Amino acid sequence: MKQQAHMEGDVMIDGFFPLYTLGTDRRNSDDSGDEQYNPYIFNNYKYVLALTFAIEEINENPGLLHNLTLGFNIYNAQREIWKVFKNPFTSLFGKYNIPNYSCMRDSKSIAVITGPSGLLSAQIGILLDLYRFPQFTFGPFDHTLSDNYHLPALYQMASKDTSIATAMISLLLHFSWNWVGLLTFQDENTLWILPELKEQMDKNRICVEFELAFPTSSLAYILQLMAFYKQINKSSANVLIIHGENEALLDMMRCIEQFLIKSKVCIMNSQLEFTMRKKYFILGSIHVPFIFSHHHPDVSGFTDFVKAVNPSKYPEDFFLARLWFLSFNCSDSESDCVTWENCPHEASLDWLPRHNYDMSMSADTYSIYNAVYAVAQALHEMLLQQTEIQTMENWKGILRSSAQLHPFLKNIQFQNPAGDQVILNEKRKVEADYDIVNIWNFPEGLELEVKVGKFSPYAHQLSLSKDMVHWAIGNTEPTQSVCSESCGPGFRKSPQEGKAACCFDCTPCPDNEIANGTDLEQCVKCPDHQYANTDRNQCFLRAASFLAYGEPLGVALACMALSLSTLTAVVLGVFVKYKNTAIVKANNQALSYILLISLIFCFLCSLLFIGRPNTVTCILQQTTFGIVFTVAVSAVLAKTVTVVLAFKVTLPARRMRWLLVSGAPNFIIPICTLIQVTLYGIWLGTSPPFIDTDAYSEHGHLIILCSKGSLTAFYCVLGYLGSLALASFTVAFFARNLPDTFNEAKFLTFSMLVFCSVWLTFLPVYHSAKGKVMVAVEVFSILASSAGLLGCIFAPKCYIILLRPDRNSLHGFRDRRHLQTNRPS
């Protein structure tokens, strides 16, 4: 029996498919060249069935080819370089060893289908192109076969993989894999895909830990893989992107198995149709394959057709008979005779395990199906065009050469029975969707192909069923492949010097900044009215805060202000009540009243600093404080000047009496106050105080306070007050020892010393304090300096008035001086 599959027809299609593996099993034969003793690839028989199914479907369709029928001759495509042309020569010329001589004078072959290896198709195409014989290839799109100059008669059925890079990147992003290894081959397909793949990786911030480009020579890249397998095995990248044509991928996967490259996810660009056999993925626990294959619709009736196939139905199919013998132990005979003595009567390919034979139509078999329909459609159009010249009975005259089909094939576009548009022109082909196939591995090398997802290039959308993905044995969660763990909320990425962008450290966000996502490069600052929580992942509204009457500090300061103002009012009442006594009259009664009233307002103005600030209170705080303090300090200055003038008048030959008599010291208060009012007018006219907020002094609080507006103006006011106080202190200091009966120069000196000490201490403390404390420091300084004036000046006088009335008269004072003078020494 010839080693071919044959079906007679008016027009024949030849197929060259890889139905045997490399190598020879010599146990039953001494002829190492005999193909029938090579290990048989069960799953590749689908190629034969797809071609048979398509031809029978066309022959049964009365709308195609009229009374013309299609047939086929199918041969094994030998992969050994020295045997590649054997079967094509036999098919074309009838003899293998006599080229250009044909004993098959009436050959009816009009097209050849080859694949899935691009290299094999290119080698056969060199021979077929000599006769312009139409050649159709199935398998992944191969750029080396797109050379119309060297292979003008070749048509690739697969669509271009223009979106394969985008599809692979989408899968990486779906599982958050950004740290991968890249394994490619040094061929034209890689030169096309590699730049686009790297561009997509850079755009999506996916980094390559290592990149290995292997030569196309099997031995060379196996040696190179052996040299680098430790680097691959020890790398932290748990995902390998492998791009290459089917044969190269097969050999690489064998090496990956043999070198025990562990715990890696392999993402491949094509489905390994002829590698699905018992030894493949025998160590299924060490890696997980994801395979991208072109999506295709289900072809109605194909599965039922496969179930009904048997050798009695196709007696001229050697490969089916061999498949039957090997699968069902049909005969013990060692001869080539086909006997069915021991065959199960109801045997079917449906009985075979799925890891040996898959009943469904794959991407490659779907391409074969479309190739047969393309030949039929082109032949049908050619026949319709020439029916007016020739009758259908004389079809041989119409088809003088298979090269006549090329004009029709190049422009053909039709809809196949599955509803798909089929276009052979590469420039007009539409991009195909991708099915994502995962291989479930079981013991004893058993595996099952499972479609777990799909990628649409037009919508750039990937859909995946994570629950259906079969990870390495012992793992139920997706593999992680990152250089650095993701930075969670509250952290930002800090690049590691000298390393890839995917390698980074996680740095906590600074104060009042947040990161509410993962792997953020920058933290976001919270608005002023919000603050960052302790985890630095959320902004919360700040609670308004100010020196309020309801809090302990505010209550304490307010009570102090009211108490001191009340005490000052009491002192004023005492002075009014005892206005006719010597001590009240002797110290300028009117100036004492002015000073006490101003001190009352000094104490009360501190209340303007407590409570929620508003525009009015912000202005009144500074103006009231400055003016009433100016009045108080200028009153002290006037009292001091009065003491000095009073002493000067008592001396003979002095011309200062008129100053005291004319009341010149009384003009000090309005003049000094007018200067201060002028300063405040300039301040309010240029940069008045306003409401401000402080978001940093207290965590979680927005402090509302009054801004000075112009710090220069504020310090000018304080400086003016300081100069008045310094003048009062200086004058009082020099008059402290003047021999007068009720000389208060010492008390004025001490009061100014206390006043200046308080405000000199205020400046550094005020600048170091923040928020409410700063306001409290200012209030306390107002109360302390005012209390210093009240206590130092009026406390001794009240003591004499209330507790020592005997000393509050000129007569009593003279008696006490007389006793001190006459007392024996």
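Before I start, a note on how I sort residues: Ala, Val, Leu, Ile, Met, Phe, Trp, Tyr, Cys and Pro count as nonpolar, Asp, Glu, Lys and Arg as charged, and the others, Gly among them, as polar.

**Entry 1: what I have open.** I am working with a predicted model.

**Entry 2: the largest cavity.** I noted a volume of about 200 Å³ for the largest cavity. Its lining takes in 24 residues, and I found Pro140, Phe141, Asp142, Asn189 and Glu245 nearest the centre. Then I checked which elements give two or more residues to this lining, and they are helix 3 (118-129) and helix 5 (188-203). Helix 5 gives the most, with three residues. Sorted by class, I have twelve polar, eight nonpolar and four charged residues around the largest cavity.

**Entry 3: the second largest cavity.** Here I wrote down about 150 Å³ of space. I have 18 residues in the lining of this second largest cavity, with Phe609, Gln621, Leu705, Cys706 and Val775 lying nearest its centre. Which elements each supply at least two residues of this lining? I found helix 16 (615-650), strand 25 (701-707) and helix 21 (772-803).

**Entry 4: back to the classes.** For the second largest cavity I sorted the lining into eleven nonpolar, four polar and three charged residues.

Methods
Residues numbered from 1 in each chain as written. Predicted model: local features only at pLDDT ≥ 70, side-chain atom pairs only at ≥ 80, totals over all residues. Heavy atoms only, no water. 1 Å grid on protein atoms, 1.4 Å probe; cavity = no way out; pocket = protein on both sides within 12 Å on 5 of 7 lines; lining within 4 Å. Points joined across faces, edges and corners; volume = space filled by probe spheres on them. Helix = DSSP H or I, 4+ residues; strand = E, 2+ residues; numbered from the N terminus.
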